[in-house]
Amino acid sequence: MLNGIHFLLTYSCNFECDHCFLYCGPSARGVFSSTQLKEILADSENIESIDNVFFEGGEPFLYYPLLVEGIKIARSYDLDVGIVTNAYWATTYDDALIWLEPLKQAGVSTIGLSDDTFHYGDKVDTPPKNAYKACKSLGIDCNYYCIEAPTVETLSATSSQKGEPIVGGNTVFKGRAVETLTEGLPSKDWQTFTACKREELINPGRVHLDPFGNVHICQGVIIGNVFERPLSEIMKSYEPGNHPIVGPLKTGGPVALANELQITHGDRFIDECHFCFTLRKNLVDEFPEQLGPRQVYGL
C-alpha cells in the first residue's frame, strides 16, 4: 500500500560522497518547480493511502524557498512532511534556528540529518549536531542518518560458516558506491542472488519522484512519469510482472534478470544490490523508459 511520496527535490548537492547511490553532486542537474509540486500533491488525494511526503535530494536546502513552499503545499493536504538533509547550513546553533524556524511554521514533522564520515570526515562538532540541537529547541522530531564505510569482518563463532569474511557497515552498493567502495571487499558467486531483499517491488510503501518526472520504485528503476500521467494512474495500472526489469527481479532476483535478458556479467558480487545495479547499468540504453535517468547510473 503506497503511503509516502519521496520527492528528490533536486539531484544537485554541495557534497559528492563516495556512497551516494544517486551520483548527486555540484554538477548534477534537475529541480522541481512549485507548479509541478502543486499538481502532484493535488493528485495525491486520489491515492487514499498516502499520508506522508519527504523532501530529499541531492540537498533540498539548496532550493530553500521551494522547500518551504513544498512543505506548505503538502500540509494543505494534511500530509505529514519530512526532510532529509546534510545540514550544511547549520554552521552554528543560532544559524540553524534561523533556517529551521520557517520550516517549523510551515508544518514540517521530522528531519533526518546525514552525519557521518562520508559527509564530515572525523569532525566531532558538525553542522548536523547544531541542527539537531535547534530541532530539539523548536520541537521538531529529528534523527541522524549515519552511513558506515564498508569493512571486512569475520562471521561469529556461532555461525556455521565460521571464519568466512563478510562485509560490515551499512553502505548500499549501488550508484557511486559501486565505483568507489567495492574494491577489496569479499564477494559471492552471482548465482546466490536470487531475490531482491531491499525494496518492496510488488506493493511499495513509498516511491521516489525526481525532477524529470520519473517515478522510481527503486532508485534508477522507473515505473512511469508524472509529467506524462498522474501518479494515481501510474500506481493503479502498475503491473510488476509486465515490467521488463521488475518482472524478473520479483521472480528470481538479479539472477533471473541476468538470465532472462541474457546479460554478460562477472562471476562474483558483494550483494544483491551490487549485482543488480551492475546489470541495470548495462541495460540503460536498451530500456531508457524503465532505467534512468542516466545520471543515476554515472553515465
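Residues are numbered from 1 along each chain as its sequence is written, and side-chain values use heavy atoms, with hydrogens and water left out. Because the model is predicted, local features need pLDDT of at least 70 and side-chain atom pairs count only at pLDDT 80 or more, while totals for chains, interfaces and linings use all residues.

**Exercise 1. The nonpolar core**

Find which residues of the largest nonpolar core touch the most other members.

Step 1. A nonpolar core is a set of buried Ala, Val, Leu, Ile, Met, Phe, Trp, Tyr and Cys residues joined through side-chain atoms within 4.5 Å. Buried means under 20% relative accessible area, exposed over 50%, and partly exposed in between (1.4 Å probe, protein chains only).

Step 2. The largest such core has 91 residues, and those touching the most other members are Phe7, Phe55, Ile71, Leu100, Leu103 and Leu209. Helix α2 (residues 64–76) supplies the largest share of this core, 7 residues. Helices (H or I, at least four residues) and strands (E, at least two) are DSSP runs, numbered from the N terminus.

Step 3. Take Phe7 and leave out residues up to four places away in sequence: its contacts (heavy atoms within 4.5 Å) are Phe32, Leu37, Ile40, Leu41, Val53, Phe54, Phe55, Glu56 and Leu209.

**Exercise 2. The pair α8 and α9**

Describe how helix α8 and helix α9 pack.

Step 1. Two packed helices are described by the angle between their axes and the distance between the axes. Axes are lines fitted to C-alpha atoms, for helices over the stretch in contact, and angles run from 0 to 180 degrees between N-to-C directions.

Step 2. For α8 (residues 246–260) and α9 (residues 272–281), the angle is about 65 degrees and the axes are 9 Å apart. Helix α8 is therefore roughly perpendicular to α9; angles under 35 degrees count as roughly parallel, over 145 as roughly antiparallel, 65 to 115 as roughly perpendicular and the rest as oblique.

Step 3. From α8, Leu249, Pro254, Val255, Leu257 and Ala258 meet Glu272, Phe275, Cys276, Leu279 and Arg280 of α9. By class, this contact has 8 nonpolar, no polar and 2 charged residues. Here Ala, Val, Leu, Ile, Met, Phe, Trp, Tyr, Cys and Pro count as nonpolar, Asp, Glu, Lys and Arg as charged, and the others, Gly among them, as polar.

**Exercise 3. Serine 114**

Is serine 114 buried or exposed?

Step 1. Serine 114 is in strand β4 (residues 110–114).

Step 2. Serine 114 counts as buried because its relative accessibility is 11%.
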